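Hello,

Please find the structure we discussed below. My notes follow it, grouped by region.

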Amino acid sequence: MNMQGHRSYAKIIVDISAEAVDRAFTYEIPMELKESLAPGSRVRIPFGTSDREKTGYVTEICSDPGFDPEKIKPITGILKDSLSAEDEMMDLALFMSRRYGSTLNAALKAALPVKRSYRKNRRRTDPVERINELSGNMPKTDIKLNPEQEAAYQGILSDDRDCLLYGVTGSGKTMVYIRLIEEAIRSGKRAIVLIPEISLTYQTIRQLSAYFSDRISVFHSRLSEGERYEQYLRAKNGEVDLVVG
């Protein structure tokens with residue numbers, strides 16, 4: 001009896017890296033896993049000629065594998081252990097794919113740094129260091145908020161919702177941001193500062209470096225692939241408290 005019509009398959013990337021995203025492998029979904037498997041599921045799979053067990057992530061479920069089903073290995077099981085940083089990136093990519101209508105692979109490529117053929121370049125200067133070497137750090141001044149700034153600062157701290165801080169240019173919003181970042185770091189968190197255009201990177205890094213020294217990382221489109229990956233590793237390894245993007 002031919003049961004091929006009842007079979008289903010999963011496209012799976014092995015580990016999470018830019019290299020893995022470039023190639024998905026097809027595995028058969030065992031009957032007992034069909035109800036619980038979905039794109040984004042973290043699974044155990046036999047990999048390679050030695051069938052060494054590896055971790056993979058489901059990117060797609062399909063009924064037609066596109067080649068001989070008899071050559072396809074089954075998924076071993078679904079992992080339900082605690083989340084790692086890589087799992088959180090998968091969650092982010094899933095959100096992006098659902099929200100913006102892209103494929104999961106495309107979202108993963110956008111969310112993950114390029115690692116292919118990466119080598120540490122000892123001659124390469126960290127982008128934050130380069131800005132500070134060219135300009136010197138701005139002098140750090142004690143942050144003394146005026147009553148309006150203090151009210152905004154306290155209001156944001158006490159509100160669990162997303163907040164919009166409104167003020168014209170030069171009204172002192174940056175000092176409120178710095179105080180909020182300092183409070184986040186004191187409580188064991190880290191922070192992201194997003195600026196509206198790449199031309200503001202220079203002055204933003206100069207100002208923030210005065211308060212957060214070398215615990216800053218920067219991401220923007222003019223960095224090389226190697227520089228972007230270095231910045232990603234610094235953030236992933238906990239070497240920075242603040243990321244500017």
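**The sheet**

Strand 3 and strand 4 run antiparallel and are joined by six bridges. Note that this is a predicted model. In this strand pair, Pro 46 stands opposite Glu 53 in strand 4. Phe 47 has Arg 52 of strand 4 as its bridge partner. The hairpin of strand 3 and strand 4 has four residues between the strands. Gly 48 in that hairpin takes a positive phi near 80°.

Strand 4 (residues 52-62) also pairs with strand 1 (residues 9-14). That pairing is antiparallel too, over six bridges. Ile 12 has Val 58 in strand 4 as its bridge partner.

**Aromatic rings and charges**

How many aromatic pairs does the structure hold? There are two.

Phe 25 and Phe 47 form an edge-to-face pair. Their centres are 5.2 Å apart, with 90° between the planes. This pair links distant parts of the chain. Phe 25 lies in strand 2 (residues 25-28), and Phe 47 lies in strand 3 (residues 42-47), 22 residues apart.

Tyr 229 and Tyr 232 are stacked. Their ring centres lie 5.8 Å apart. The pair counts as stacked because the planes are at 25°, under the 30 degrees that the term requires. Both residues are in helix 8 (residues 225-236), three residues apart. They are therefore separated by about one helical turn. Tyr 229 is buried, at 9% relative accessibility. Tyr 232 is buried too, with a relative accessible area of 18%.

Charges also sit over rings. The charged end of Lys 54 is over the ring of Phe 47, 5.3 Å from its centre. The charged end of Arg 179 is over the ring of Tyr 153, 4.4 Å from its centre.

**The nonpolar cores**

The largest nonpolar core has 22 residues. Which of them touch the most other members? They are Val 193, Ile 205, Leu 208, Phe 212, Ile 216, Leu 242 and Val 244. Helix 7 gives the largest share, five residues.

Take Leu 208 as an example. Leaving aside neighbours within four places in sequence, Leu 208 is in contact with Ile 178, Val 193, Ser 213, Ile 216, Leu 242 and Val 244.

A second core is separate and has 14 residues. Its members include Ile 13, Met 89, Met 90 and Met 96.

Best regards

Note on methods
Residues are numbered from 1 along each chain as its sequence is written. This is a predicted model: local features need pLDDT of at least 70, side-chain atom pairs count only at pLDDT 80 or more; totals for chains, interfaces and linings use all residues. Side-chain values use heavy atoms; hydrogens and water are left out. Rings of Phe, Tyr and Trp (its six-membered ring) pair if their centres lie within 6.5 Å; planes under 30 degrees apart count as stacked, over 60 as edge-to-face and the rest as tilted. Helices (H or I, at least four residues) and strands (E, at least two) are DSSP runs, numbered from the N terminus. Buried means under 20% relative accessible area, exposed over 50%, partly exposed in between (1.4 Å probe, protein chains only). A charge sits over a ring if NZ of Lys or CZ of Arg is within 6 Å of the ring centre and within 35 degrees of the ring normal. Two strands pair if DSSP finds at least two bridges between them. A nonpolar core is a set of buried Ala, Val, Leu, Ile, Met, Phe, Trp, Tyr and Cys residues joined through side-chain atoms within 4.5 Å. Contact means heavy atoms within 4.5 Å.
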